[in-house]
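My notes follow the model below.

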Amino acid sequence: VVDHLMENSLLPMGAAWNIGNAMIETGLDPQGVAEKIAAGELDLSKIPAHADAEVRAAVKPYVDANYRTLPDRKNTIIAGSSMGGLMAIYAAVHYNRWFSKAACVSTAMGFCMRPVMADLRHSALSPDTRVYLSWGSREAHGIKDPEADDRSSKTYSWNKKVADHLADSGAAVKMHCQIGGGHCEADWEQLVPTFMNFLWTE
């Protein structure tokens, strides 16, 4: 499935979104979608895009019915890196009635700060919302020393702007510069304990 998503430039929307979109269109469960893709019988790039709310309505009930989850909002988190981080912010803001927590890692937001801030200004957040925002010092735009904590780069300022607005809206926010961190899975996986501790226990 991942290879299919990469070959068709579908990864920015995420595997879960694409699988959910296919579930709506085909009536298949995730395993059925994956089998059709593997057999060359289903091309996700040819499927009409459904609304985010429809995709969520298809995916979350399936997950809750088939896995040992705590399905209430308090226990529902969304997390992503790069474009996935942007999608996590979007989901936490637009669908705050479902997601109480978001981990936004190395979020690709610099190219779209205006619409991101517009979304934040026009959305109401529950006061129990928790959001983790991080970036690596080695990926920060305009950083002076990639081996030091970043409080001066453009990447810092973008995250700070989002964090300040979220905090003003009542959310608990943690900003974290991963010193020496780059824009890669190997560095992102090291952040999992940090953002899970903040979102669930701190």
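**Pockets, then a helix**

I started with the second largest pocket, which holds about 150 Å³ of space. Its lining is S106, T107, A108, M109, G110, F111, W135, E139, H141, T155, W158 and H183. By class I get 5 nonpolar, 6 polar and 1 charged residues.

Ground rules: this is a predicted model, where local features need pLDDT of at least 70, side-chain atom pairs count only at pLDDT 80 or more, and totals for chains, interfaces and linings use all residues. Numbering runs from 1 along each chain as its sequence is written, and side-chain values use heavy atoms, without hydrogens or water.

A pocket here is an open set of points on a 1 Å grid over the protein atoms alone, where a 1.4 Å probe fits, with protein on both sides within 12 Å along at least five of seven lines; lining residues have an atom within 4 Å of a point. Volume is the space filled by probe spheres set on the points, joined across faces, edges and corners.

Next I took the largest pocket, at about 1300 Å³. Of its 39 lining residues, M13, A16, W17, I78 and A79 are closest to the centre. I sorted the lining into 25 nonpolar, 8 polar and 6 charged. The largest share, 7 residues, comes from α4 (helices are DSSP runs of H or I, at least four residues; strands are E, at least two).

Last, I checked α9 (192–200): F195, F198 and L199 are buried (under 20% relative accessible area, 1.4 Å probe, protein chains only). They fall within an arc of 95 degrees down the axis, so they line one face (directions run from the axis to the C-beta atoms).

Definitions and conventions. Buried means under 20% relative accessible area, exposed over 50%, partly exposed in between (1.4 Å probe, protein chains only). Ala, Val, Leu, Ile, Met, Phe, Trp, Tyr, Cys and Pro count as nonpolar, Asp, Glu, Lys and Arg as charged, and the others, Gly among them, as polar.
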